[in-house]
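Here is a short tour of the model below, starting with a pair of aromatic side chains and ending with the chain as a whole. Keep the structure open as you read.

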Amino acid sequence: LAVTALQRVAAFLAATGPALVGGALGFAFSFIVMIVGIPVLFAHGEAMTEALASALPFPIDDARRILYDIGEMTRGVFLSVGLTAAVQAALGLIGFLVLGVPHAGTLSALMFFLALVPGGVGLVWAPVAIWLGLGGNTWSAVFMVVWGGGVVGTSDNVLRPLLAGRGVKLDGI
């Protein structure tokens with residue numbers, strides 16, 4: 001029985017090990033590049049932009065415009081993600097306060113950070129709904145599901161594209 005279990009574990013590790021190691025190394029490399037790259041971009045962003053613009057196979061004015069547009073698009077996406085997370089956290093806080101959920105501020109702060117992940121706010125309001133239901137507050141649990149899934153969760157689908165679209169200018173479309 002022990003030999004069979006060890007064979008299964010060994011087969012699993014042989015099958016998934018390389019992917020796990022590769023994923024971990026890729027994550028570590030990306031993290032290091034981010035930690036080094038962000039300060040360099042803040043300190044030398046204009047010089048790097050000029051170097052990249054001169055390396056692109058376009059006239060320099062067109063390359064600068066393209067890089068500027070990419071920067072504006074990126075800024076718009078980051079802003080939309082942050083503002084959407086803040087709105088979702090505020091809506092979650094309202095629902096928690098209406099229901100008298102303890103630690104509503106902490107839960108809404110957690111909701112803000114998890115809102116950066118698709119579907120992340122559900123990781124906060126769903127356990128709260130389950131907790132309310134197990135505590136005998138059936139209507140409060142139903143309200144939390146409707147509020148969390150219908151209002152808080154759906155606001156992401158409306159706000160993020162709306163806010164991101166303001167920073168994106170697509171000529172000719």
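## An aromatic pair in helix α5

F143 and W147 sit four residues apart in helix α5 (residues 138–166), so about one helical turn separates them. Helices here are DSSP runs of H or I with at least four residues, strands are runs of E with at least two, and both are numbered from the N terminus. The rings of F143 and W147 form a stacked aromatic pair, with 5.9 Å centre to centre and 15° between the planes. Rings of Phe, Tyr and Trp (its six-membered ring) pair if their centres lie within 6.5 Å; planes under 30 degrees apart count as stacked, over 60 as edge-to-face and the rest as tilted.

W147 is buried, with a relative accessible area of 19%, while F143 is partly exposed at 31%. For these labels, buried means under 20% relative accessible area, exposed over 50%, and partly exposed in between (1.4 Å probe, protein chains only).

## A word on the model

This is a predicted model, in which local features need pLDDT of at least 70, side-chain atom pairs count only at pLDDT 80 or more, and totals for chains, interfaces and linings use all residues. Residues are numbered from 1 along each chain as its sequence is written, and side-chain values use heavy atoms, leaving out hydrogens and water.

## Another pair, in helix α1

The structure holds three aromatic pairs. One of them joins F27 and F31, whose ring centres are 6.3 Å apart with planes at 20°, so this pair is stacked. F27 and F31 are four residues apart in helix α1 (residues 2–55), about one helical turn.

How accessible is F27, buried or exposed? F27 counts as exposed, at 60% relative accessibility. F31 counts as partly exposed, at 43%.

## The chain as a whole

Now let us step back to the overall fold. The chain has five helices and zero strands. Its radius of gyration is 23 Å, well over the 16 Å that the globule rule gives for 173 residues, so the chain is more spread out than a compact globule. That radius is taken over C-alpha atoms, and the rule is 2.2 Å times the number of residues to the power 0.38. Along its principal axes, the C-alpha trace spans about 70 × 55 × 35 Å.

Of the 173 residues, 23% count as buried.
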